[in-house]
Amino acid sequence: MIVAKGKPLEEIIEAVKDCDSILVAGCNECVTVCEAGGSKEVGILASALRLYFLNQGKKTQVGEITLQRQCDREYLIQARESVESYQMVISMACGVGCQFMAEEFANKPVQPGVNTMFMGGALERGVWSERCQGCGSCLLARTGGICPVARCAKRVLNGPCGGSSNGKCEISKDVDCAWQLIVNRLKALGRMDDYEQIIPLKDWSSDRAGGPRKVVKEEVRQ
Amino acid sequence: MRLNYPAHVRVVRVPCTGKVDLIHILRAFEKGADGVYLVGCMEGSCFYEQGNFRARKRVEHAQRLLEAVGTGGQRVQMYNLSSGEAPLFAQYAREMSERIMALGPNPAKLAMDVRQGKAA
């Protein structure tokens, strides 16, 4: 899932303090799972903003809505009536949802309510870890299911580098060395022969280096 | 044990302080409460193991949010006691009541009263 974390309340207040009406819009997908922008977080932010405006003696209206997805126009158009009745939208979705919201409602200022962090998963309740950087050409089959692009600080494809020490990365003792994990995993799988094979230069044109990307699937395209 | 505590303290019973979420605390202030405090079991004595620890974290989060919106973080507090400590329950009620009296009314409530023409 896409992992996000809520923006500091002070930053959001600074952005919306002069508005007369605000719609806080959540998303029922990734940001709900990572507890950053689902209906619960929408309720908390809206409540805090209502208190702020009351304390300031302002009559600003703060509404709440949570869409099934903000990264799909078919769900965004269902919210048109609500969105149109407010002066500004705070999108609690990831950067994708926030941008789709801004594109769909071109005349409506859209303020992000979260900082979008990465694609990852939950290690435990309240702890999420990065697992994928969407490089566009997956190497996981060769590395025992552990991604050196997302989990190695240097994105080294034939590691480990000299900064690996006792299974940890030189950037922090809290960060596992991805290549140590890969070696451990390949050993456990009995596939150390794979480790001996050099991974050739990676084609980074499918990564962000090639500019903004698009996926077109002609067989389902209408 | 006929103990007294301030009459304006309204007790909301929950199965565990771990049931109390951030939104409950914020809504209480939206509805005009001048202060909110949670009284949980002693730390380490939670029947559900983590309930009172979770409540404490939520109270701390509420304090930060209320500070940011201008209501004031001191209006929220977490207390712990055992079920055999009724005098302590009354003491916490007086302590919180005195703190809120010193802070004055919830500014959001005052604003709502002005809006509804109830201001003195």
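**Stop one: where the chains meet**

Select chain A and chain B together: 16 residues of chain A are in contact with 18 residues of chain B, contact meaning heavy atoms within 4.5 Å. Now pick out A:Leu51, A:Leu54 and A:Asn55, which lose the most area to chain B, together 39% of what that side buries. The two chains bury about 1,500 Å² between them, 64% of it on carbon and sulfur atoms; buried area is the accessible area (1.4 Å probe) that two parts lose on being put together, summed over both.

Before moving on, note that this is a predicted model, where local features need pLDDT of at least 70, side-chain atom pairs count only at pLDDT 80 or more, and totals for chains, interfaces and linings use all residues. Residues are numbered from 1 along each chain as its sequence is written, chains are lettered from A and ligands numbered from 1 in the order in which they are written, and side-chain values use heavy atoms, with hydrogens and water left out.

**Stop two: chain A on its own**

Next, colour by burial: 41% of the 222 residues of chain A count as buried, that is, under 20% relative accessible area (1.4 Å probe, protein chains only).

Definitions and conventions: Buried means under 20% relative accessible area, exposed over 50%, partly exposed in between (1.4 Å probe, protein chains only).
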